[in-house]
Amino acid sequence: MNSEKNPKDFGHIKSFVSQRAHMTPSQKDAYDRLMPVWGIPYENRVLDLETTFKRQAPTILEIGFGMGETTLKIAQARSEDNFLGVEVFPSGVGSLLKRIEEHNTTNIRIIQHDAVEVVRDMVRPATLAGVHIYFPDPWHKKRHHKRRLIQPPFIELLASRLLPGGYIHCATDWENYAEQMLEVLSASPLLDNQFTDYAPRPDYRPQTKFETRGLRLGHGVWDLLFTRNTTPNPATLLMEK
Ligand SMILES: C[S@@+](CC[C@H](N)C(=O)[O-])C[C@H]1O[C@@H](n2cnc3c(N)ncnc32)[C@H](O)[C@@H]1O
């Protein structure tokens with residue numbers, strides 16, 4: 001079935017296109033050796049985070065980590081937290097695996113799959129301490145806006161996976177997408193904005209590659225920081241029935 005025709009499936013039009021399968025030899029080498037160590041295969045089955053990370057610690061989900069430079073820096077600075085990185089493109093996965101090995105990092109796990117399906121199928125409601133979505137593809141053209149990741153059904157799903165007090169932190173260098181993010185996140189009954197509108201960049205988020213490029217092109221950068229409130233979690237209620 002064509003997933004574009006099933007709007008109930010979280011408006012699940014893919015936020016990425018299937019290309020860029022190419023990996024450099026060193027990314028491929030890291031991918032082949034290290035994916036069995038740090039990778040988690042996508043399955044339609046809820047993931048036990050304590051077993052996955054071999055410890056009990058707050059878990060942060062990062063969606064679309066690109067080449068993983070930010071992921072690594074944050075995971076190093078916040079070694080007391082677990083980081084679950086989700087990215088579709090093999091070159092990015094190979095690149096983050098290389099960094100994990102070079103820096104002996106042990107608090108990152110990777111799922112190479114569509115994050116919408118990972119959140120829907122593998123993340124238990126009310127379990128995440130935070131979500132990072134940095135510089136998601138802006139899909140500039142209006143007719144492509146439906147491909148943007150930050151849409152009401154996905155944000156509701158994501159918010160249902162957060163612990164009360166857990167946060168969603170987004171950043172973009174595309175003003176029109178920043179406005180959409182603010183509108184969608186503000187409309188969620190499960191989320192509260194921690195600021196009046198946009199947030200200052202938190203100290204833990206280093207400048208990313210896409211951000212550097214955006215700044216060079218004269219774009220602004222907008223951060224958004226929302227936290228999960230105590231409104232009953234619809235997903236948990238559903239599971240308790
Ligand atoms: C513009 S890049 C930003 C990368 C990185 N966060 C940064 O700031 O440098 C967006 C990334 O999101 C990934 N992506 C897009 N949709 C995704 C999805 N549904 N699931 C997982 N990754 C996705 C893309 O493959 C791409 O690497």
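The largest nonpolar core has 57 residues, and the members that touch the most others are Leu61, Val131, Ile168, Met181 and Leu185. Keep in mind that you're looking at a predicted model.

Now go to strand β4, which spans residues 128-134. Is it mostly covered or mostly open? Mostly covered: six of its seven residues are buried.

To find one of the pairings, look for glutamate 62, whose bridge partner in β4 is histidine 132. Then there's β5, covering residues 162-172, which pairs with β4 in the parallel sense as well, over six bridges. Here, glycine 130 sits opposite tyrosine 167 of β5. How does the chain make a unit out of β4 and β5? Helix α6, residues 152-160, belongs with them, and β4, α6 and β5 form a right-handed β-α-β unit.

Last stop, the ligand. There are 23 residues around it, and those that come nearest are Gly64, Gly66, Ala115, Phe135 and Thr208. Two elements give two or more residues to this shell: α5 (115-122) and α8 (209-216). By type, the shell splits into 13 nonpolar residues, six polar ones and four charged ones.

How values were computed
Residues numbered from 1 in each chain as written. Predicted model: local features only at pLDDT ≥ 70, side-chain atom pairs only at ≥ 80, totals over all residues. Near = placed C-beta within 6 Å. Helix = DSSP H or I, 4+ residues; strand = E, 2+ residues; numbered from the N terminus. Nonpolar A, V, L, I, M, F, W, Y, C, P; charged D, E, K, R; others polar. Buried ≥ 20, exposed ≤ 12 C-beta atoms within 10 Å, placed from the backbone. Pairing = 2+ DSSP bridges. Right-handed = clockwise from strand over helix to strand, strands pointing away. Core = buried A, V, L, I, M, F, W, Y, C linked by C-beta atoms within 7 Å.
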